[in-house]
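Look through the structure shown here.

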Amino acid sequence: MKESNPTTAILGLGKTGLSVAKYLKNKNLDFAIYDTRNNLKINDSICKFVNRKNIFLGEFDKNIIKKYENFIISPGIDLHKDFLEEIIKKNKKISSDIDLFNADNTSKIIAITGSNGKTTVTSIVEHILIKMGVKAKAGGNIGYPALELLNNKYEYCILELSSFQLELMDKINCAASVITNITPDHLDRHVTFQNYAKIKHKIFDNTKHIILNREDKNINKENLDYEYSFGSNKPKDKKEFGISCKKEKNIFFMERKTFK
């Protein structure tokens with residue numbers, strides 16, 4: 001059998017890492033996988049997509065950096081570790097599963113992030129679209145890997161994106177992007193709240209329609225060309241969503257909108 005010389009390394013063999021392995025295998029690309037967990041059980045469901053000889057467990061050794069040109073990093077891997085800083089210093093290519101998804105995706109994307117409520121909002125958006133008769137599926141941080149969405153032709157893919165995913169990815173082409181709110185979180189990884197907030201705002205970098213919480217002072221509204229907003233106060237026009245009190249009843253104002 002011909003020995004393979006993979007130029008791509010996947011860091012992390014969790015749900016995301018395995019989805020990357022499936023993706024690369026379907027493209028007939030050679031790769032190796034590294035995971036810091038010494039006790040990780042390598043079962044048949046993993047070996048179906050990964051050559052057992054190319055799975056390495058235990059702490060990452062910096063010497064492996066020279067062996068690969070491409071590193072696909074799972075969101076659970078901390079970018080501030082010395083190992084990853086060395087990859088950056090050596091000018092190796094770093095990408096994420098979201099970057100791979102973005103390169104092959106043909107569906108319209110609605111991307112959602114926030115310190116709180118992003119899973120609920122993602123699930124609600126998926127439910128509404130399906131009830132409207134739209135072929136839609138939610139994935140990303142919500143539990144269904146983004147790359148698995150490529151297996152079916154959905155009209156809309158709704159991606160929940162965590163700060164870890166946003167930190168790693170380059171960009172994503174979105175029909176609409178949403179930030180529900182920004183409050184201090186994951187500062188053990190992101191170090192400062194300012195850096196964390198900046199990472200959250202990456203969701204707006206390449207989107208057609210920006211949707212945000214107009215009442216959240218941590219969302220940089222002044223420097224964003226946003227079209228739609230939501231809040232707990234009364235909306236001023238049809239591009240705002242909110243709540244108004246009429247005859248002692250709360251009424252939620254919204255407009256049915258399909259993003260092109």
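Predicted model: local features only at pLDDT ≥ 70, side-chain atom pairs only at ≥ 80, totals over all residues.

The cut-off for a disulfide is a pair of sulfur atoms within 2.5 Å. Cys 174 is likewise in no disulfide, since the nearest cysteine sulfur is that of Cys 157, at 11 Å.

Are these cysteines buried or exposed? Cys 157 is buried, at 1% relative accessibility. Cys 174 is buried too, with a relative accessible area of 6%.

## Overall build

The protein has 260 residues, and 50% of them count as buried. Its secondary structure consists of eight helices and 13 strands. Along the principal axes, the C-alpha atoms fill a box of roughly 75 × 40 × 30 Å.

## Nonpolar cores

The largest nonpolar core holds 42 residues. Which of them touch the most other members? They are Leu 13, Val 50, Phe 101, Leu 159, Leu 161 and Ile 172. Several elements give two or more residues to this core, including helix H4 (97-104), strand S6 (108-113), strand S8 (156-160) and helix H8 (193-200). Helix H1 gives the largest share, five residues.

Leu 161 shows what such packing looks like in detail. Leaving out residues up to four places away in sequence, Leu 161 touches Ile 98, Ala 111, Ile 112, Thr 113, Lys 118, Leu 166, Met 169, Lys 200 and Ile 203. Another core lies apart from the largest one. That other core has 15 residues, among them Ala 9, Tyr 34, Ile 64 and Leu 168.

## A buried glutamate

Glu 126 sits in helix H5 (residues 118-131). Is Glu 126 buried or exposed? Its relative accessible area is 17%, so Glu 126 is buried; the cut-off is under 20%.

What does Glu 126 contact, beyond its neighbours within four places in sequence? The partners are Ala 136, Lys 137, Ala 138 and Ile 158. Tyr 156 is 30 residues from Glu 126 in sequence, yet their C-alpha atoms are 8.7 Å apart in space.

## Surface and charge

The accessible surface comes to about 14,400 Å². Carbon and sulfur atoms make up 48% of that surface.

The protein carries 43 positive and 32 negative side chains. The centres of these two sets lie 5 Å apart.

Definitions and conventions. Residues numbered from 1 in each chain as written. Heavy atoms only, no water. Helix = DSSP H or I, 4+ residues; strand = E, 2+ residues; numbered from the N terminus. Buried < 20%, exposed > 50% of the residue type's maximum accessible area, 1.4 Å probe, protein only. Areas by Shrake-Rupley, 256 points an atom, 1.4 Å probe, with all protein chains shown as cover. Lys, Arg positive; Asp, Glu negative; His and termini not counted. Charge placed at Lys NZ, Arg CZ, Asp CG, Glu CD. Core = buried A, V, L, I, M, F, W, Y, C linked by side-chain atoms within 4.5 Å. Contact = heavy atoms within 4.5 Å.
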